[in-house]
Amino acid sequence: MAEEKDWEGTEAIVAEFHKKIKEAFEVFDHETNNTVDVREIGTIIRSLGCCPTEGELHDFIAEVEEEEPTGYIRYEKFLPVMTRVLLERKYRPIAEDVLLRAFEVLDPTRRGFLTKEELIKFMTEEGEPFSQEEMEEMLSAAIDSESNSINYRDYITMMVIDEN
């Protein structure tokens, strides 16, 4: 009896995941032919609350792509792989406290903010540099236009996904 209840609960969870996956996929299925451009897969995955690294995204795409890549991903191949990702809770976002510690490393005097110039320098010259497009997108969301700086605690709060 307990196994039956567990199975029913799992079925309900899977059904809910399938609904969310289909809705997210359909947003990018511009031809309404159950395919999306492979370049949209990262956006779809992220819209479902997952945050894969570039390497994980490439692995995911390799798993759902046709043997002879066409540039498009079929829903029938995407659905089971994405369902498994959600069930296994893969590609979880970084925890808020880890993000805060990362920003604090960039702000050794603990002012609680970084200037626009500091942020641009860190994001384009250190580690894996952001592209111009990525930088502009981040700045538009992160920078306070009045102070021309980023209050990183506020930015982290905005970035973090509430899992409840």
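A crossing of two helices is called right-handed if the near helix is turned clockwise from the far one by less than a right angle. In the predicted model described here, H3 passes H4 in such a right-handed crossing. The contact involves Phe60, Glu63 and Val64 on the H3 side, and Lys77, Phe78, Val81, Met82, Arg84 and Val85 on the H4 side. Six of these contact residues are nonpolar and three are charged, with no polar residue present. The axes of H3 and H4 (residues 75-87) come within 9 Å and cross at roughly 140°; the two helices are therefore oblique to each other.

A right-handed crossing is also found where H6 passes H7. Here the axes come within 11 Å, and the crossing angle is roughly 145°. H6 contributes Lys116, Leu119, Ile120, Met123 and Thr124 to the contact, while H7 contributes Met135, Met138 and Leu139. By class, the contact of H6 with H7 comprises six nonpolar residues, one polar and one charged.

The largest pocket of the model has a volume of about 1800 Å³. Its lining consists of 39 residues, of which Arg46, Pro52, Phe130, Glu134 and Met159 are the closest to the pocket centre. At least two lining residues are supplied by each of H2 (41-47), H3 (54-64), H5 (96-106), H6 (116-125), H7 (132-142) and H8 (152-159). The largest share, five residues, comes from H7. The lining is made up of 24 nonpolar, six polar and nine charged residues.

Methods: Residues are numbered from 1 along each chain as its sequence is written. This is a predicted model: local features need pLDDT of at least 70, side-chain atom pairs count only at pLDDT 80 or more; totals for chains, interfaces and linings use all residues. Side-chain values use heavy atoms; hydrogens and water are left out. On a 1 Å grid over the protein atoms alone, a cavity is a set of points where a 1.4 Å probe fits but cannot get out, and a pocket is an open set with protein on both sides within 12 Å along at least five of seven lines; lining residues have an atom within 4 Å of a point. Grid points are joined across faces, edges and corners, and a volume is the space filled by probe spheres set on the points. Helices (H or I, at least four residues) and strands (E, at least two) are DSSP runs, numbered from the N terminus. Ala, Val, Leu, Ile, Met, Phe, Trp, Tyr, Cys and Pro count as nonpolar, Asp, Glu, Lys and Arg as charged, and the others, Gly among them, as polar. Axes are lines fitted to C-alpha atoms, for helices over the stretch in contact, and angles run from 0 to 180 degrees between N-to-C directions. Contact means heavy atoms within 4.5 Å. Angles under 35 degrees count as roughly parallel, over 145 as roughly antiparallel, 65 to 115 as roughly perpendicular and the rest as oblique.
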